[in-house]
Amino acid sequence: MLIRRADCVVTMNDAGDELPQASVVMRGPEIVAVGPSDTVDAQWLPHATEVIDAQGHVVIPGLVNTHHHMYQSLTRAIPAAQNAELFGWLRTLYPLWAGLTPEMVAVSTQLAMAELLHSGCTTSSDHLYLYPNGVRLDDSIHAARAIGMRFHASRGSMSVGESRGGLPPDHLVEREADILADSQRLIEAFHDPARFAMVRMALAPCSPFSVSPALMKESASLARQYRMGVRLHTHLAENDHDIAYSREKFGQTPTEYAESLGWLGDDVWHAHCVKLDAHGIARFAATRTGVAHCPCSNMRLASGIAPVRRMLNAGVPVGLGVDGSASNDAGHLLAETRQAMLLARVGRSLEPPGTGPDGRPSFGCDQGPRDMSARDALRLATRGGAEVLGRDDIGQITPGFAGDLALFDLRTLGMAGGAVHDPVAALMFCHSAHTAYTVVNGQVVCEQGQLRTLDQPRLVERHNLLARQLISGG
């Protein structure tokens, strides 16, 4: 495949190259050439089996979503949960989610992935921690294969119900022996450690308030015994109630609790970390523990503003996540990237002033809002996400990397004016558009607003029918 004559190719390589009038070549799943159109086209155009004329477009690496609950697309904007914070929101929705079926999980996974793909996202994780009515993680994995998205499937779990001091109702938790047995089955059936793998597994006990310390420890031991890149994921330090629960139940901060269980390390990433303190940031940085930053969900549930700039300055790997579709309530990762940029700037304005050279308060007016530039945000959504998921084969447009790309038309109404000045920054500052093309593993999956791999109108229709059935109980 040859993508030729793009106005700009944003490589996100180590040098940060942004190439004007450039072309990209993929052979199979792999990028094999990137460079000036005149040079690349002369060599590769005679051999191309598919050609996309990218004049008027900017090409970026496929975005990477590091945290999601795709089944929640069935319960977006539920009135009873619209104004709740995390714990109240969960208690409202647990009874509804108890009605999930295998078809609902499969269809909601594809709906969520379609939305992500149209936003430029080519790799996504998903955290499925509810398994009622015969639901299995296999339902999500097969759905991902059909739609053509690169997928990190997280085997979530809940084992501590209300009767034992947890948050979820007892009928939604599982026996820990069953969780571990199924985790082993899934790793052996689906985890692919190879370069350009389309499916990888993670083990993901849901949260400190829904699983036991024993399950956390045993899940970590199980993942690590395979020595082939099975990662660990959970929620941590999401809001003030989360902090209070950890202190009351375990006598520790969330970071201290996670570290005591073996849940810090370069094979671990935690979602949210809104309330990560200075000690937590230092330990995450020292151990290269990753963070999935979910700005829209954190705002939606009034959890707070994560200290992302302090994390990055300390050396913590940080990627972006759209989070569950009922706590955002959208799955547009480019819009999430824009939100991360803007929220970081607001977060800085809320911090107390520093001290200038003369000893007087300094409000940073001479620096501008450099806590998060447009390119900083885009790096979080590409290179940052790849690092958090443990991938060294995605996140940049460089020969030898996977052919995961997103093409955005710069000639649209929402980009007018901005694209002529800075087409890269305009992706974040201007209207969060859908892609013109989304390419995954060297294959076009989305084109001009439609999926190539599935019947998109039929998918939306079926999803809406199932959403109504889930809420009505029938």
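1. Which element gives the largest share of the lining of the second largest pocket? Helix α13 does, with six residues. The model is a predicted one, and the points below should be read as describing that prediction.

2. The second largest pocket holds about 220 Å³ of space. Its lining is made up of 13 residues, and those nearest the centre are L312, V318, R379, L380 and G384. Two elements, α11 (308-314) and α13 (374-388), each give two or more residues to this lining. Sorted by class, the lining has six charged, five nonpolar and two polar residues.

3. Over the whole structure, the search for cavities of 30 Å³ or more returns two. The largest cavity contains about 130 Å³ of space. It is lined by 16 residues, with L86, L90, Y129, H235 and E238 the closest to its centre. Helix α2 (residues 86-97) gives the most to this lining, namely four residues. Eight of the lining residues are nonpolar, six are polar and two are charged.

4. The second largest cavity has a volume of about 30 Å³. The residues around it are L334, F408, D409, M415, L427, H431, S432 and A433. By class, five of these are nonpolar, two polar and one charged.

5. The structure has 25 salt bridges in total. One of them pairs R76 with E115, and the closest N and O atoms are 2.2 Å apart. R76 sits in the loop between β6 (63-65) and α2, while E115 belongs to helix α3 (residues 102-118), so this pair ties together parts that are 39 residues apart in sequence. With a relative accessible area of 27%, R76 is partly exposed.

6. A second salt bridge joins the side chains of E174 and R155, at 2.9 Å from N to O. This pair links distant parts of the chain, 19 residues apart: E174 is in the loop between β8 (150-157) and α5 (176-190), and R155 is in strand β8. Are the two partners buried or exposed? R155 has 3% relative accessibility and counts as buried, since the cut-off is under 20%. E174, at 21%, counts as partly exposed.

7. D182 and R185 also form a salt bridge, with the closest N and O atoms 2.8 Å apart. Both lie in helix α5, and because they are three residues apart there, about one helical turn separates them. D182 counts as buried at 15% relative accessibility, whereas R185 counts as partly exposed at 27%. Through salt bridges that share partners, R136, D138, R155, E174, D182 and R185 are joined into one network.

8. Which residues form a nonpolar patch on the surface? I305, V346 and L350 do, and together they have about 260 Å² of accessible area. L350 is part of helix α12 (residues 333-350). With a relative accessible area of 62%, L350 is exposed, because exposed means over 50%.

Methods
Residues are numbered from 1 along each chain as its sequence is written. This is a predicted model: local features need pLDDT of at least 70, side-chain atom pairs count only at pLDDT 80 or more; totals for chains, interfaces and linings use all residues. Side-chain values use heavy atoms; hydrogens and water are left out. Patches are made of residues with over 30% relative accessible area and no salt bridge: like charges are joined within 9 Å, nonpolar side chains (Val, Leu, Ile, Met, Phe, Trp, Tyr) within 5 Å. Accessible areas come from the Shrake-Rupley method with a 1.4 Å probe; for residues, only the protein chains shown count as cover. A salt bridge is a side-chain nitrogen of Lys or Arg within 4 Å of a carboxyl oxygen of Asp or Glu. Buried means under 20% relative accessible area, exposed over 50%, partly exposed in between (1.4 Å probe, protein chains only). On a 1 Å grid over the protein atoms alone, a cavity is a set of points where a 1.4 Å probe fits but cannot get out, and a pocket is an open set with protein on both sides within 12 Å along at least five of seven lines; lining residues have an atom within 4 Å of a point. Grid points are joined across faces, edges and corners, and a volume is the space filled by probe spheres set on the points. Ala, Val, Leu, Ile, Met, Phe, Trp, Tyr, Cys and Pro count as nonpolar, Asp, Glu, Lys and Arg as charged, and the others, Gly among them, as polar.
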